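I opened this model to look up a few contacts and folds. My notes follow the order in which I looked.

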Amino acid sequence: MEQTAEYAIRLSPQDRYRHVHVRVRGRSFSSRQLETLVGKTWMPVVRYDHAHGFAHRDLLDKRGHAIKTPLFNQDLNDALTFAENDLKTNWVSYRERFLEGR
């Protein structure tokens, strides 16, 4: 049975922070993501998760290409706490980088 907890916090009229936690058959997956509204579409700007077996940050561009950077936190909870703090603190600079195509 799958259990999903998800919520979004508006950071501005065009930006939001999304938190997702999924638990399936005793295994969990979590992600933290910054999204910005481009036209009528919410687009991911930065995502932190632990897919691929390790905690990492994906910096995305408008085409969905990602630059993956591993996080070297030894504990997954510490990595997700770092991710949440980073996104809530630096969302403006991440959004500017994304919109300028850097």
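I began with F82, which is partly exposed at a relative accessible area of 39%. For burial I used a 1.4 Å probe on protein chains only: buried is under 20% relative accessible area, exposed is over 50%, and partly exposed is in between. The model is predicted, so I kept its cut-offs in view: local features need pLDDT of at least 70, side-chain atom pairs count only at pLDDT 80 or more, and totals for chains, interfaces and linings use all residues. Residues are numbered from 1 along each chain as its sequence is written, and side-chain values use heavy atoms, with hydrogens and water left out.

Next I looked for aromatic pairs and found one in the structure. Rings of Phe, Tyr and Trp (its six-membered ring) pair if their centres lie within 6.5 Å; planes under 30 degrees apart are stacked, over 60 edge-to-face, the rest tilted. Y48 lies in strand β4 (residues 41-49) and F82 in helix α1 (residues 76-99), so the pair ties together parts 34 residues apart in sequence. Helices (H or I, at least four residues) and strands (E, at least two) are DSSP runs, numbered from the N terminus. Y48 is buried, at 2%.

Then I followed α1. It bends by about 75° at N90. I took the bend as the angle between axes fitted to the seven residues ending there and the seven starting there. Among the buried residues of α1 are L80, L87 and W91. Just after α1, G101 takes a positive phi of about 80°.

I turned to charges. The structure holds nine salt bridges, each a side-chain nitrogen of Lys or Arg within 4 Å of a carboxyl oxygen of Asp or Glu. R47 pairs with D58, their closest N and O atoms 3.5 Å apart. R47 lies in β4 and D58 in strand β5 (residues 56-60), so this pair ties together parts 11 residues apart in sequence. R47 is partly exposed at 21%, while D58 is buried at 3%. K88 forms a salt bridge with E84 at 2.7 Å. Both lie in α1, four residues apart, about one turn of the helix.

Last, I checked β2 (residues 15-24). Seven of its 10 residues are buried, so the strand is largely enclosed by the rest of the structure. I found 10 bridges joining it, antiparallel, to β1 (residues 2-12). Two strands pair if DSSP finds at least two bridges between them.
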